[in-house]
Amino acid sequence: MHSSFVPAPRANGARCSSVVRQVARAVLALLLLTVFAAAQVPPAPAPKPAAPLELDVYAAASLREALTELGKTYERDHAVKLVFNFGSSTDLARQIVAGNQADLFLSADEKELDKVAEEKLLDDASRASVLGNQLVVVEAIDPKDAAKSFFTQPFTVDQLARPEVKLLALADTATVPAGRYAKAWLEKKELWKTLEARVLPGLDVRATLASIESGAAQAGIVYRTDAAVSKRVRVVHAVPLDEGPRIVYGFAALAKRPHVAEARALLEFLRSADARKVFEARGFVALPSAKPEAKPAKNSHEKPRGEVDETRNERTSEEADEPLAPLEPPRALVSSSLRAPWACACAGALAFLHRK
Amino acid sequence: MPAGDESTLEVLRLTLVVAASATALVALPALATGYLLARREFRGKSVVETVVALPLVLPPTAIGYLLLALFARRGPLGEETLGFDPGVLFTARGAVLASAVVAFPLVARTARVAFEGVDPRLERMAATLGWSRWRVLARLSLPLARRGLLAALVLGFARCLGEFGATVIVAGNIPGRTQTLALAIFRDIQLGDERGALLLVGLTVVLAFVCLALVERWSRPARCAGEEVA
């Protein structure tokens, strides 16, 4: 390697460290860029005239496709960006109670709305029962033999107890509405005790659907609307509406949030005739918008519900008396206070690397 | 629903931003802790050592739960106690915080080893030449430990890239807000989107490879010179 042993190590050392320093600088520059790029994204609402306002929509997993479609329509017509958080409604309710970062909560079970309402976080006036759904028993379609089935028609519930059905995929019966509904139905049919040990619980109803699609479970119970999304499962049996538990999706805006008026406007849109069509096309039952009148709104001069007009997305005079918080106050505050230590750390690291 | 290119890019961006922010947040305190543990003797040092190591040993879900309880609306650092919304839970800041807490012990411990690798006699010699404690630190200890410290930071960054357990509890799994690579993979698997998951796994492998290569490079000074010449 090196014939001269006295000066060489020093020369090598110097070269080595300069290369290292270059690499280090490059990496640090990249790191700094990411950090500052990140820091630039959320704030600066003042100069930009139409920085789209963001609404956080926490929604039941079963609403994924319908809401994604409706969200695109809504974003096109309004200066609003929708950020969706899909999951088990129970989980979402827990997240809202803990963190209160949602503007809208679209739950697959009214119970979860009650939990949020108990914490006084719900905009009670905006609450409405909007959609119905239905449970179905599904099994995976065998790609090699599409006719193969674990069940025989006409289907009877006790076929679920056949030994071929080793695992029955349900959404988690403790933490997901779809699982609670399915359990209620099986209990009514006096099959729960038999099947309990074979249940494969899913984190939300879509995880359950996926475990049936993949063949992990031989059969499962999901919503009709979930089965309609998948080409890889077949509906074996639709639970008659009068036989299963009543499945009602409740929608509501959250009260202690900076953009309640905009959230309500979005809610109006989701209850409009156009949105109903989209929901119905995906298999949901659009419930008649009767219930909200039963609950008297706090501000009585509110517009009647169900009446949708395009002006609602602007802040109308009657909404102006909502306790509207200034635009994003705490968020801006914390992010700027977060940036200070970053800047210190980065500056320190740079100074450190720049010294010889 | 397969993840489009746009959402994959968004996930990648968010992952890098969260990991970089968490590393930056943790850098100074962790390096300082590493230095203290390497160079100072003080009462209760073993307690500090244990506390520093704790997040390394605890399951990330336990850390997540503790942070959740701490920042929940009625928790000791929550909205109702503070009087304003700290905006930590279920936001990107929550993801940063969770990653930072999990990465802290890794950075601190690696930094400690790096500082311990500096010959203390050199520091004492410098002190006899009239250098102040800070000057010794800035002009001697830090430069000599530099590679180890960089390795510590990259290791922390890498840990943040893969952070899942604490993040999913503190920040949820919200696309465009808190969904980093690890969380996006989980969601794709849940939804049965195997292609999407595979794409994201590929991305994480690339990222991990880069990080590990850097760590390797910086944690082995002796071979560096030879490699450069060859």
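Student: Which residue stands opposite A:Leu168 in S8(A)?

Tutor: A:Ala219 holds that place. This is a predicted model, where local features need pLDDT of at least 70 and side-chain atom pairs count only at pLDDT 80 or more, while totals for chains, interfaces and linings use all residues. Residues are numbered from 1 along each chain as its sequence is written, and chains are lettered from A and ligands numbered from 1 in the order in which they are written.

Student: How do I read the strand labels and pairing?

Tutor: Helices (H or I, at least four residues) and strands (E, at least two) are DSSP runs, numbered from the N terminus. Two strands pair if DSSP finds at least two bridges between them. Here, strand S6 (residues 168-171) and strand S8 (residues 219-223) of chain A run parallel, joined by two bridges.

Student: Which helix packs on the sheet and touches S5, S6, S7, S8 and S9 of chain A?

Tutor: That is helix H7 (residues 205-213) of chain A, whose direction makes about 145 degrees with that of S8(A). Contact means C-beta atoms, placed from the backbone, within 7 Å. Axes are lines fitted to C-alpha atoms, for helices over the stretch in contact, and angles run from 0 to 180 degrees between N-to-C directions.

Student: What is the strand order in the open sheet of six strands?

Tutor: In chain A the order is S2-S1-S3-S10-S4-S11, with mixed pairing. Strands S2 (80-87) and S11 (285-286) of chain A each have a single partner strand, so one side of each lacks a neighbour in the sheet.

Student: How many bridges join S1 to S2(A)?

Tutor: Eight, and the two strands run parallel. In S2(A), A:Phe86 is the bridge partner of A:Ala59.

Notes:
Contact = placed C-beta atoms within 7 Å.
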